[in-house]
Amino acid sequence: MMTITVLEVAARALFSKSLPGAYEYVSLMFVYLIYLGLGYSQRRDAHITVGVLYDYFPRKTKKVVQGIYLLIACLFFAALTWTSAVSALSAYAMGDTILGIVEVKTWWARVGIPVGLALFSLRFFLQLSRLITNNELLEDAAVAEFAPQETAEDERKQ
């Protein structure tokens, strides 16, 4: 995306010409950037949360609340995966394009939506199964996996 954008800017600055379809391709590539990042962000517990009450719940209540949340989210995003896959297939069958100087097919970008949503739904399912089997809350798993590890030198200083 950056390469196309830099080439587009350079072409306009140096030759006063635009690269045909550059804007369309970059805008369609954003789909992959956004939707493929959802599952990764969920894995890191990096989505915006408001813990006004949740932070004060006992662990057992947190587990119940998280279980309900993860089950609903998994089912919701599985349904969105299905509907977006049907939409992508429809766009492919119709030969959907963005009108412009260059005919840009949209189906390849639309495929990124159900793929990203399927991975997102799978992430919720995995977190739900870990909650049930290992009693592992989202915040505990994220801290354990992604917290900065102290180096041996840091440990010696302490």
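This report describes helices, single residues, a cavity and a pocket in a predicted model.

Residues are numbered from 1 along each chain as its sequence is written, and side-chain values use heavy atoms, with hydrogens and water left out. Because the model is predicted, local features need pLDDT of at least 70 and side-chain atom pairs count only at pLDDT 80 or more, while totals for chains, interfaces and linings use all residues.

**Helices**

Helices (H or I, at least four residues) and strands (E, at least two) are DSSP runs, numbered from the N terminus. The expected span of a helix is 1.5 Å times one less than its number of residues. Helix α1 (residues 2–15) has 14 residues, so it should span 20 Å, and its end C-alpha atoms, 19 Å apart, agree with that. Just after α1, S16 has a positive phi of about 55 degrees.

Helix α3 (residues 59–94) has 36 residues and reaches 51 Å from its first C-alpha to its last, close to the expected 52 Å. Just after α3, G95 has a positive phi of about 70 degrees.

Buried means under 20% relative accessible area, exposed over 50%, and partly exposed in between (1.4 Å probe, protein chains only). The buried residues of α3 include K62, Q66, L70, F77 and T81. An α-helix has 3.6 residues a turn, so residues three or four places apart point the same way.

**Two residues**

T81 lies in α3 and counts as buried because its relative accessibility is 15%. Contact means heavy atoms within 4.5 Å. Leaving aside neighbours within four places in sequence, T81 is in contact with P114, L117 and A118. A polar contact is a pair of N or O atoms within 3.5 Å; within protein, one must be able to donate a hydrogen and the other to accept it, and residues adjacent in sequence count only if both atoms are side-chain atoms. A polar atom of the T81 side chain lies 3.4 Å from the backbone oxygen of L117.

K105 is in strand β2 (residues 104–105). At 33% relative accessibility, K105 counts as partly exposed. Its contacts, again leaving aside neighbours within four places in sequence, are L28, G95, D96 and T97. K105 and L28 are 77 residues apart along the chain, and their C-alpha atoms are separated by 9.6 Å.

**Cavity and pocket**

On a 1 Å grid over the protein atoms alone, a cavity is a set of points where a 1.4 Å probe fits but cannot get out, and a pocket is an open set with protein on both sides within 12 Å along at least five of seven lines; lining residues have an atom within 4 Å of a point. Grid points are joined across faces, edges and corners, and a volume is the space filled by probe spheres set on the points.

A search of the whole structure finds one cavity of 30 Å³ or more. Of the 11 residues that line the largest cavity, R43, Q127, R130, E136 and A141 are the closest to its centre. Helices α5 (112–134) and α6 (138–146) each give two or more residues to this lining, and α6 gives the most, with five.

For the largest pocket, the closest of the 14 lining residues to the centre are D45, T49, Y54, Q66 and L138. The largest share of the pocket lining, three residues, comes from α3.

In the table, Ala, Val, Leu, Ile, Met, Phe, Trp, Tyr, Cys and Pro count as nonpolar, Asp, Glu, Lys and Arg as charged, and the others, Gly among them, as polar.

| Space | Volume | Lining by class |
|---|---|---|
| Largest cavity | about 100 Å³ | five nonpolar, one polar, five charged residues |
| Largest pocket | about 390 Å³ | six nonpolar, five polar, three charged residues |
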